[in-house]
Amino acid sequence: MSRIGRNPITVPASVTVDVSGDAVTVAGPNGTMTRTLPDGISISREGDVLNVERRNDETRYRALHGLTRTLVANMVTGVTTGWTRELEIIGVGYRAAANGPDAIDLALGFSHPVTFNAPAGVTFEVPSPTRVIVKGADKEVVGQVAATIRKIRKPEPYKGKGVRYLGEKVLRKAGKAAK
């Protein structure tokens, strides 16, 4: 049995979980999320604990067992505490400015500022001109938005300028060697 899949998911008191057919809906203080369960995977509820079960020990069901458990646990965490991803901006003149809670203006060395609008359910915080915090209830969407912002100006290997995740190490290359 999957080591991850057999772990129970504890549901806090402020969260309601509704399993109907092949869909699971999780509602909490930060919103509501719905996900369709894969064929052969089911969820049973015993009090305030959810258990993810699989039909049998075929390879495809074993592969989906732990994945489904993790996705449902991420939904529960997202509607209670939410997910964050922090980005830092490195470079002279590179900066970010908040343009409301759901948009940011980025100056990243282009001839024009780049405005990035957040999808539904995602907000931005700009505590300093060189830091951007992406917040939301859905872990996948928060990670994808952070990756898209990073992709606008990836950290380059010679000086390290660009947008990177907080704490990310950038492998630096040596420049030209003098004669």
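1. Buried means under 20% relative accessible area, exposed over 50%, and partly exposed in between, with a 1.4 Å probe and protein chains only. On this scale glutamate 86 is partly exposed, at 26% relative accessibility.

2. The model under review is predicted, so that local features need pLDDT of at least 70 and side-chain atom pairs count only at pLDDT 80 or more, whereas totals for chains, interfaces and linings use all residues. Residues are numbered from 1 along each chain as its sequence is written, and side-chain values use heavy atoms, with hydrogens and water left out.

3. Three strands form an open sheet in the order β2-β3-β4, with antiparallel pairing. Strands are DSSP runs of E with at least two residues, helices are runs of H or I with at least four, and both are numbered from the N terminus; two strands pair if DSSP finds at least two bridges between them. The edges are β2 (16–20) and β4 (31–36), each of which pairs on one side only. On average, neighbouring strands of this sheet are turned by 15° against each other, direction ignored. Axes here are lines fitted to C-alpha atoms, for helices over the stretch in contact, and angles run from 0 to 180 degrees between N-to-C directions.

4. Strand β3 (residues 23–28) pairs with β4 in the antiparallel sense over six bridges. Within this arrangement, threonine 25 stands opposite threonine 34 in β4. Helix α1 (residues 59–80) packs on the sheet and touches β3 and β4, and its direction makes about 20° with that of β3. Contact means heavy atoms within 4.5 Å.

5. Aspartate 105 has threonine 115 of β10 as its bridge partner. Six residues lie between the strands of this hairpin, where glycine 109 takes a positive phi near 90°.

6. Aromatic rings deserve a separate point. Rings of Phe, Tyr and Trp (its six-membered ring) pair if their centres lie within 6.5 Å; planes under 30 degrees apart count as stacked, over 60 as edge-to-face and the rest as tilted. This rule gives a count of one aromatic pair. Phenylalanine 116 and phenylalanine 124 have ring centres 6.0 Å apart and planes at 65°, so the pair is edge-to-face. Phenylalanine 116 is buried at a relative accessible area of 15%, and phenylalanine 124 is buried at 7%.

7. Charges also sit over rings, the criterion being NZ of Lys or CZ of Arg within 6 Å of the ring centre and within 35 degrees of the ring normal. The charged end of arginine 85 lies over the ring of tyrosine 165, 4.2 Å from its centre. Lysine 139 is placed over the face of tryptophan 83, at 4.6 Å from the ring centre.

8. There are seven salt bridges in the structure, a salt bridge being a side-chain nitrogen of Lys or Arg within 4 Å of a carboxyl oxygen of Asp or Glu. Among them is that of glutamate 86 with arginine 131, whose closest N and O atoms are 2.2 Å apart. Glutamate 86 belongs to strand β7 (residues 83–90) and arginine 131 to strand β12 (residues 131–136), so the pair ties together parts that are 45 residues apart in sequence. Arginine 131 is partly exposed, at 27% relative accessible area.

9. Another salt bridge joins lysine 135 and glutamate 125 (2.9 Å, N to O). Lysine 135 lies in β12 and glutamate 125 in strand β11 (residues 122–128), so this pair ties together parts that are 10 residues apart in sequence. Both residues are partly exposed: lysine 135 at 30% relative accessibility and glutamate 125 at 36%.

10. Arginine 150 forms a salt bridge with glutamate 168, the closest N and O atoms being 2.8 Å apart. Arginine 150 is in helix α2 (residues 139–152) and glutamate 168 in the segment after β13 (162–165), so the pair ties together parts that are 18 residues apart in sequence.

11. Proline 157, in the loop between α2 and β13, is partly exposed at a relative accessible area of 26%. Neighbours within four places in sequence aside, proline 157 is in contact with Leu171, Arg172 and Lys173.
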